[in-house]
Amino acid sequence: MMRVNPIGLLLTIVAILLPIIWLPALNHKGDTLALFSQYMGIASLIAMAIVQFISTRWRPVEWLFGGLDQGYVFHKWLGILSMLFILIHDTVDAEMNHLGGQNLLEEFAETLGELSLYGLLILVVITIATFIPYHLWRWTHRLMGLFFLAGAAHYLFILKPFQNGDPIGLYTSAFCVLGIMCFSYRLLPARMRPARAYVVDSTEVTGNVLAVTLKPEGRPLRYRAGQFAFASFVGSEPHPFTISKAPTEDGSIRMSIARLGDFTTRLHRNLQVGSKLSLEGPYGHFERKNTGGQELWIGAGVGITPFLAWAHDLAPEDDAAHLVYCVKSEAAAAHLEELKALAAVKPKLTLHIHSSATDGRADADSILAITDQSAESLTVAFCGPKQMRQALKEGFAKNGVTGRKFKYEEFEIRTGVGLRKFANLLFNRIAIPEQIKAQARR
Ligand SMILES: Cc1cc2nc3c(=O)[nH]c(=O)nc-3n(C[C@H](O)[C@H](O)[C@H](O)COP(=O)(O)OP(=O)(O)OC[C@H]3O[C@@H](n4cnc5c(N)ncnc54)[C@H](O)[C@@H]3O)c2cc1C
């Protein structure tokens with residue numbers, strides 16, 4: 001489910017639909033189907049240019065799409081939509097009868113169009129196959145820009161029912177230029193993009209997390225509690241981590257890093273005090289706001305990080321908050337002592353530990369019971385694994401906590417398209433004997 005800002009959504013829809021106003025004037029010979037196909041090609045270029053724009057992580061992206069995490073979800077679906085547009089453009093003959101034969105350049109442009117189509121098709125399949133390791137996916141994802149470039153060249157040089165200098169031609173070309181600029185920007189080395197220099201000041205293992213304090217070498221980041229930044233260590237690609245503790249007087253911040261894959265395991269093993277890194281950001285709209293009601297914060301595993309920042313930030317005049325920290329066991333719980341100390345001195349913060357080893361699986365009803373909260377006037381904020389989020393969202397919805405009263409941080413930049421969920425649904429619906437299903441689940 002997407003929670004993208006309606007402004008970004010609306011502007012995107014308008015940008016894609018606007019060329020329709022120029023189409024009637026181009027339909028001289030009643031070649032409606034071919035003209036529709038031409039429009040599909042244009043729509044795909046506009047959508048892809050916006051996709052490239054989102055991947056720059058420029059400030060307006062945050063504002064337009066309601067946070068970078070939502071921007072990325074939108075980026076994925078818009079990319080898939082643009083693929084659909086291209087497929088229609090390729091399937092429905094776009095050749096208009098009155099235009100005559102093609103010259104050599106126009107034939108070459110046609111070949112570029114084919115190249116762009118097949119390249120993008122392969123890359124979109126790779127993108128939605130979430131089992132492909134992230135670093136491989138990221139590498140192949142970069143190629144998208146090249147195929148966009150091929151698509152833009154196809155558009156500029158192909159024989160079409162209007163000139164590049166006509167209003168519709170200029171409009172579409174402007175999006176091509178925007179897309180190419182954004183793609184080129186993403187290719188720049190990290191040091192040439194706006195980022196702040198930091199150095200590792202101290203490290204500490206807490207539960208299953210490595211807490212890293214970072215000191216600014218120049219101007220520090222300006223930050224709001226709950227935001228995250230992309231950290232690039234020397235020779236590594238940027239990885240997003242939440243700032244789990246606000247800047248201190250010298251501008252130091254803290255990131256709390258769980259061992260989730262190759263890169264984070266390497267950090268746990270080798271990160272040295274004095275290592276240099278750059279931080280890009282901060283990003284994100286996962287912030288707490290006073291509404292006059294009760295707040296329920298649920299952090300699962302390393303999903304506790306934004307709530308650590310919120311807890312540090314909670315002032316005596318703020319709304320009261322219950323923080324439920326869901327952990328496998330207390331021994332694995334990161335920053336537990338710090339949270340207990342904060343709850344002891346902050347009158348508006350109540351801490352509850354839910355350990356799955358002793359308390360079983362956390363669900364909406366059990367959380368409402370341990371916090372002694374009624375669902376009326378309750379705002380729930382969650383950060384943690386996606387499956388848990390979906391289960392809690394459904395559970396809280398049954399209790400009347402719906403829509404924007406259940407907010408969450410998207411902790412995965414690369415999300416699937418629900419294929420696994422769809423497969424599970426099919427699997428559970430089709431008439432396979434229960435015994436075989438049970439075996440398959442094992
Ligand atoms: C908004 C946000 C906030 C986050 N905050 C924290 C935090 O406070 N603490 C924490 O431990 N983790 C946090 N994460 C998750 C963290 O970014 C990944 O765990 C980490 O990048 C994994 O890298 P890896 O190579 O070790 O693991 P891999 O096994 O390579 O990847 C595991 C998963 O992490 C994601 N990932 C991997 N590399 C990148 C990358 N370069 N950029 C973006 N995503 C990537 C992918 O979804 C991948 O499937 C956050 C993620 C997001 C999106």
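Predicted model: local features only at pLDDT ≥ 70, side-chain atom pairs only at ≥ 80, totals over all residues.
Let me begin with M255, which is found in strand β5, where strands (E, at least two residues) and helices (H or I, at least four) are DSSP runs numbered from the N terminus. Residues are numbered from 1 along each chain as its sequence is written.

Is M255 buried or exposed? M255 is buried, with 26 other C-beta atoms within 10 Å; the term buried asks for 20 or more other C-beta atoms within 10 Å of the residue's own, exposed for 12 or fewer, and partly exposed covers what is in between, with C-beta atoms placed from the backbone. Leaving aside neighbours within four places in sequence, M255 is in contact with V212, L214, A231, F241, I243 and S244, a contact being two C-beta atoms, placed from the backbone, that lie within 7 Å.

Strand β3, residues 228-233, is mostly covered, with five of its six residues buried. Which strands does β3 pair with? Here two strands pair if DSSP finds at least two bridges between them, and β3 is joined to β4 by four bridges and to strand β6, residues 276-283, by five, running antiparallel to β4 and antiparallel to β6. On the β4 side, F228 stands opposite T242, and the two strands form a hairpin with five residues between them, in whose turn G235 has a positive phi of about 80 degrees.

Staying with β6, P282 lies in that strand and is buried, with 20 other C-beta atoms within 10 Å. Again not counting residues up to four places away in sequence, P282 touches L221, Y223, Q227, F228, A229 and I243. P282 and G226 are 56 residues apart in sequence, yet their C-alpha atoms are 9.7 Å apart in space.

Let me now turn to the whole protein, which has 15 helices and eleven strands, and in which 37% of the 442 residues count as buried. Its C-alpha atoms fill a box of roughly 80 × 60 × 45 Å, taken along the principal axes. The domain assignment gives domain 1 (6-187), domain 2 (192-283) and domain 3 (294-408), with bounds that come from an automatic or database assignment, and the centres of domain 1 and domain 3, taken over C-alpha atoms, are separated by 42 Å.

Where does the largest nonpolar core lie? That core has 57 residues, and those with the most contacts inside it are W297, I298, F307, A311, L323, Y325 and V380; a nonpolar core is a set of buried Ala, Val, Leu, Ile, Met, Phe, Trp, Tyr and Cys residues joined through C-beta atoms within 7 Å. Strand β8, residues 321-327, gives the most to this core, with six residues. Domain 2 and domain 3 both give residues to this core, so it lies between them. A second, separate core of 40 residues includes F65, L112, L117 and A152.

Helix α9, residues 305-313, has seven of its nine residues buried, so the helix is largely enclosed by the rest of the structure. Among the buried residues of α9 are T305, F307 and A311.

T305 brings me to the ligand, because it is one of the closest of the 24 residues that surround the ligand, together with T242, G261, F263 and T264, a residue being near if its C-beta atom, placed from the backbone, lies within 6 Å. By class, this shell has twelve nonpolar, seven polar and five charged residues, where nonpolar means Ala, Val, Leu, Ile, Met, Phe, Trp, Tyr, Cys and Pro, charged means Asp, Glu, Lys and Arg, and polar means the others, Gly among them. Which elements supply at least two residues each to the shell? They are α6 (134-157), β4 (239-245), β5 (253-258) and α8 (262-270), and the largest share, four residues, comes from β4. Domain 1 and domain 2 each contribute at least three residues to the shell around the ligand, and with that shell I will stop.
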